[in-house]
Structures are given as C-alpha cells and as structure tokens.
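Hi,

Here is the structure I promised to pass on. Have a look at it first, and my notes on what turned up follow below.

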Amino acid sequence: MAKEKPKSDVSAGKSAVKKAKADGEPKAESKVTDEQPRVGVFVCHCGTNIAGVVDVKDVAKYAGEKIRDVVYSTDSKYMCSEPGQKEIIEAIKEHDLNRIVVAACSPRMHEPTFRRAAQTAGINPYFVDMANIREHCSWVHIQEKEKATEKSKDLVRMSVARARLLEPQEKMKVAVKKSSLVIGAGIAGIQAALDLADMGYQVYLVEKQPTIGGKMAQLDKTFPTMDCAACILTPKMVDTSRHENIELITYAEIKDIKGFVGSFTVTVNKKPRYVLEDLCTGCMDCAEACPVEVPNEFDQGLGSRKAIYVPFPQAVPLIYTLDEDTCIGCGVCKNVCTIEAIDFNQKPEELTLEVGTIIVASGYNVFDPTRKPEYGYGKYENVVTGLEFERLINASGPTGGKLLRPSDGKEPRSIAFIQCVGSRDENTNLYCSRVCCMYAIKNARLYKEKHPECDIYIFYIDIRAFGKGYEEFYKITQEEYGVKFVKGRPSVVYEDEKTGGLILNVEDTMLGRKLEVGVDMLVLSVGMEPGSDTDSLGKMAGVSRGADGFLLEAHPKLRPVDTLVEGIYLAGTVQGPKDIPDTVAQASAAAGRASILMAKGEVEVDPIIAYSVPELCIGCRICERICPFGAITMVDRKAVMNEAKCKGCGLCAGGCPTGAARLRHFKDDQIFAQIHAALAED
Amino acid sequence: MAFEPKIVAFLCNWCAYAGADLAGTSRTQYPPNTRTIRIMCTGRMSPVFILKAFAEGADGVLVAGCHHGDCHYVSGNYGAEKRVNLVSELLPELGIEKDRLMLKWISASEGELFGKTISEFTDTIKKLGPSPLRKK
C-alpha cells in the first residue's frame, strides 16, 4: 500500500521535490488496481515547442492543486530525454506514484518511451497516459496562448481521469517465423531478398512480371558513374535465382494478407504461363515460330515481341510466357517445342505462404505525359518520355542503341529535354521525383558523347543534383559537354509538320526573354507516381498511403522503412521517389529491420485486446458478426475472444448491447471518465 | 464574454488522430475548442459515448476516422457510421440539433483537412449557441 501523503506536501510546480534520494531496487510490479490512485503529472516544455505557447508551469500547478488524486506534478524542459525520464523514475519512487500522466507530444511518438520509464521504476507500463499538448495544442494554437493553456489543463484533467482507472496489462509474446515475403523484384526487392537470404532466412520473392529486374533492367547507363544498368543488375538477378534460401515466384500477384507480426498468411495467385517452368530451357524455338508480333512492354512498346516471349534476353527466370491476351491459339509453338514444355491447359495456381515478416517493394509507375497535353506526347511522334529514350539508346533496345527518331528513323541533330513533367506541378504532383534532373543530364551527356555536334537543351525549374558526385556530374555535362541549360518551363509545344521537328515556346527566366526553340526530338522527363498495386497492397497489408499516394512510413526520420503495421516494412519507390543508391540502401535497411524480429524469434505485442464478461453476455452474437477477424466464437452461448486473432479494434465493445464485450485499456468507464473530465472539473 | 463552445472529438488512432498530429507538425492553425479522446478505431464508438458527452454538456461532438476502405481494422468505420447515424436520429428527441454531431473521414495524411474540419465545425456550433443541456 502506498503511504498516504497529504497533497499539500507535494504540490505543484518546480518547487516540488525533484531530486531523488533512493536508488533502491525497483519495486516489483505489485501495484493492484483497487489501491488509491496516486497520480504524478509531468508537463514537458519540449524546449519552446510547448512552453513557447502554453504556460507549462501554470498547467503543472493547476494539476497539483485542482485535480483529484494528483499527488505530484512538475514541469521539465525535455521529459523524453535521459534526465527527464530519470525525473519521472525518481518521482515514482519518491512519491509512491502508481499512475503517470505525461503532458507532452503525441502518444504515437513517445508513449513507448514513458512506458519503459514507468516499468524501470517498478510500475506497470500501462499505468501511463499521455496528454497531447504539443501536436494537438501548442503547435495549432500559436496565437492563442491563454486558450491553449486552458485547453492543456483540460487535456491533463482528462488524462488524469483516465489514468486513475487504468489497469495493469501484461505484454504478450508471439513467435516470429523465420521467413519473409518480399513483394516486388525490382532492385529494391532483389537487394532485400538477397540480404535476408544471406542471413539465413527463407525468402519468398514474388514478382508480378514474368521476369525479375523491374524498371532498373530497362535503363541504359546509370548516373553519375555511367555503369550500365544491366551490367550491375543482371549478376544480382542471377544470384537471386540461384540462392538456396530464395524461392522466386514470378508472374504472380498477392491476393490476400492475413495474420499479424510473426505469422502472416499470404495468398499468392500464380498466373498460368502455359509453359511448364521445370521443363522450359529458354531455347527460343517457340518464339521464333510464333506468328504473332505485338509491341514489347519492356521496350515501352517501341520494339516488338511475340505472343510467346521473354521480355528481354537476360530475363530471370529464363522461361517463356504465353501471353493469353494476344495468342491466336494456332498451336505452332506447341508443335516446335521438342521437350513438350507448352501446356495450354495450365490453370492459375493459388499458393499459401506462411511468413514472419513482409517487405513491400512494389515500385512505381512512370507519369503518363498525356496528362500534360501541352507537350504533345501521343500527338507528335517525336515526343518521347525519359524511359522511352532509355530504351532507344540502349544497346539491347529496339534500335540496337542507335537513337533514331520514331517518325523517320533519322538521328536527331538537336534534342530538348523538359524537366518536371508530372512533378513539382500543382496540376499533377506537387513532389519532386528526385531522379529526373540526373537522368536527363545523363542522357544528354550520353548522346553528346556520340554526337558532339548535336544541340541539346535542358529546360528546367531548378537542377537538383543532391547526391554524391551528382553536382560534379552536372557541372561537367554543362561545361565540358556543352549541354545548354535553360531555366524555364515551356508553355506549349508545336510540331513542324514538314520536318516532324518540335517548336517550344519558353521564357528563359534568367534572361527574362521569350524564346522559340526548334528541335528534332523532344524528351519529357517524366516523374514517378505510385505503382498501380500500391493502393491494393496497402489495403491488404493495412499500411496507409500518404497524400502523394505512396505508402506511409512509421516515422519520416526515425523509422523510415518501418510501417505502422508491425512486421511490415517498405523498400524502394513504393515509399516515395528515389534513385538507385537510395533504393538499395533502403532495401538493405528494410532487410535489417525485418531480421531483428526474426533473429529474436519472438516479439512483444500490445496486450490491448478484447474480452467478454460471461455474466453479462446474453449470447446475442452481435460481436461475433461484427468482428472483422473472426476472433469471436460462441461457447455455451457466451462470446469468447480468441487472443491470437484479436487485433484490438474494439468493434465488439462498441456494438455490445450489454457491456459484456470489453476492450482492454479502452474500457467504457475509462472513456466515460475522459468525457466527464473534458467538460467539468471534479 | 463570447461563447466558446466545448467540442468532444473522438479520433481513431490510425487515421484521424494521426491526421491531427500532422496538423500539428504542419502548424495548421484551428480554434482551441476541441477536447480529444483517442480510440483505436471509430468502430469502438458506442452510441452511449456520444449521448454521455451531450449529457455532460458538450456543445458539439465530432467522430472522425479512416475513409471507407482505409480502416486499419477492415470495417470499423462502417460500424461507426451506422451508430453515429442512429444517434443523430435520436438527438432531436432530446432537444439537441443534429448539426451538433459530426462524422468525418480524415486520413493520416490530411492534416489540413483536420484543421479545416475543426474550424468549420466550431463555426457551426458557435452559430447554434450553447447546447441546451450545457450546465450553467
């Protein structure tokens, strides 16, 4: 039992005893719920973030003097810092506190920090509540200091009201399977899969396309080192396919993700290739015989492939795929395949994977420039995108690496690049796509190397050459290669019907001069957009999307590859535009983060789950019906919650007509107390 | 003294509460009239929470959660919608204007929308005046 201390002894403010004397053994977590609450209130200044608006000393004083059961209150510069936490720990011991209210930032930020502090001091970590007086108060009421202080007092009072009624909870541990699913096999997925596989974990790498490699495989050379993308990527692709710990599942899509951290159950739909993977040797006889020729997506439609195809010669796995949408069913391929690998009766296959962690690396889409009709893409033949340009200068591309204009097959003598197409633009996407400046500079330089006489213009808003070696690369391209950089966004593009050339109207904002520039070819530096699967994958995984449509990380600075769903991580452009070095770094980071859980083999999960009081349950089955996770079953006409399946949403508690179904840590009486305290003093 | 409404806001942890946090980090300014209660999901809302808030004298009640299809728990927001609509039908019987209760979908990335929602709702409540159940 806690000693009774008269409240006045330990009243509010900085004058309260802060220094602890004892550093005795932490008490066992023996506090029981029926004891008298002794609440400590800790008001954080957060430097000037809170204290600059809210009178924190007044709030602490109010809490100490006016709020029932508060036996200690104080304010401190940074509650989350080491000294701040120490202050809490010492106050708990000194004043026999059994409930803690920290008035500071969002609980989504530091609740775990203060729970740990409470635990260190020997009280149950769930005896902590936070009043969010930063994000929800000082930062949003900057000009209304008095009212913000009043609001802070109310928020603290609500928090104390809730804290009084908090019950101890024991963390639950769940086992983590030592296997991982990586969704998407571009460079991000490949890197993450290789890292995890090298650590000894079983990896399932699922790719939607018939081959792995992603967008990187389509690129020509890469900035700023001018390595050829294929030269650095294809060895990794081969390593991936040969790794004993990686199971490659191509031409397959994720259909469903169930379960929770440590044991996810994933359903994968493997589309029929109509080619038996175990038999096909990639000999190409079928494709040679196939009479159907269609545009090849891998070449952005600039080259062609057969109805039975591999996207490019270095594809991994090197297995042919029959495209059922374009196949005419003539059967010629089946006739020429001597090993009888072609099977027209193949059916979609459904696979079930059991994994402990998931890395989402599903990549991006290229911005569709027909949404900027003023640039004439789709209307004028010689207007191409940056990615199409990559294919046109690529030795393995449709023109064998010789840049030829689509309209007449001639080599252009002048080229213009327009930057920020679909980026930094109020009408399309506000964000910067981070790669377009550098890929345009790189492509300009590549062509200049072969054709020094060619005039090349880059029309830009700002050149963002922020990476290692990027600024130097930009300078050399400008000064030594003579690429002309013009600061200005062209307003409109016309075609010269006789020559097929393009005429750009643009204001050079540096010189304040209107220009009309004629070129043989125009390249639109299109940006990155969320991939087509981002939305559906996000929903299946329970990961939200940001305002830009990319998947949202748990914290932009401190947890950049985690998501708010434990056990699910992000790698590469699914999280936002990034270049290859950043993508690879993030993929390794995601693999590292995922490995932490798998190396430990178990993870602590929040015990905030539902339960039912049998005496109150009338067996109406409403909860059973509304539970989205099938966690409730009826036993002897009473609801019983399955702890492993329950995710702690509280739908059952919200729907229960008798108050039998309850959610731990968010019980009715706790919420009622908050409502009451929001509107009235005790 | 000018009427300063008291609004109780029930925000789901994953979307609306995170959206309110983003409003904070973006320094989106809005009136200081809300008192927030965080719940894991708007599906946790019992109709009684809303009635209790009005009974205690709240001038307005806001329930905000994830957009349809974005619920962290699949379908909690649909349940919330049903219950809020139910209470909304009951309010006139108690002499409380329907406009004092608002249901809004705000995602974790919609900090600005959160600020706008609070500003507009506070305006609405100011026009309605104090709740008839407000304690003197």
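Seven salt bridges run between chain A and chain B, where a salt bridge is a side-chain nitrogen of Lys or Arg within 4 Å of a carboxyl oxygen of Asp or Glu. One salt bridge joins B:Arg35 to A:Asp154, with the closest N and O atoms 2.7 Å apart. A word on the basis: this is a predicted model, with local features needing pLDDT of at least 70 and side-chain atom pairs counting only at pLDDT 80 or more, while totals for chains, interfaces and linings use all residues. Residues are numbered from 1 along each chain as its sequence is written, chains are lettered from A and ligands numbered from 1 in the order in which they are written, and side-chain values use heavy atoms, leaving out hydrogens and water.

Back to the interface. Chain A puts 50 residues into the contact and chain B puts in 50 residues (contact means heavy atoms within 4.5 Å). Between them the two chains bury about 4,100 Å², 61% of it on carbon and sulfur atoms; buried area is the accessible area (1.4 Å probe) that two parts lose on being put together, summed over both. On the chain A side, A:Arg108, A:His136 and A:Leu679 lose the most area to chain B, together 15% of what that side buries.

Now for one residue in chain B. B:Asn33 sits in the loop between helix H1 (16-25) and strand E2 (34-39) of chain B; helices (H or I, at least four residues) and strands (E, at least two) are DSSP runs, numbered from the N terminus. With a relative accessible area of 2%, B:Asn33 is buried (buried is under 20% relative accessible area, exposed over 50%, partly exposed in between, with a 1.4 Å probe and protein chains only). Beyond its neighbours within four places in sequence, B:Asn33 touches B:Glu4, B:Pro5, B:Lys6, B:Ile7 and B:Thr122.

Last, the rings. There are 14 aromatic pairs over all chains: rings of Phe, Tyr and Trp (its six-membered ring) pair if their centres lie within 6.5 Å, and planes under 30 degrees apart count as stacked, over 60 as edge-to-face and the rest as tilted. One of them is the edge-to-face pair of A:Phe389 and A:Phe417, 5.6 Å centre to centre with 70° between the planes. This pair links distant parts of the chain, with A:Phe389 in helix H10 and A:Phe417 in strand E21, 28 residues apart. Both A:Phe389 and A:Phe417 are buried.

Cheers
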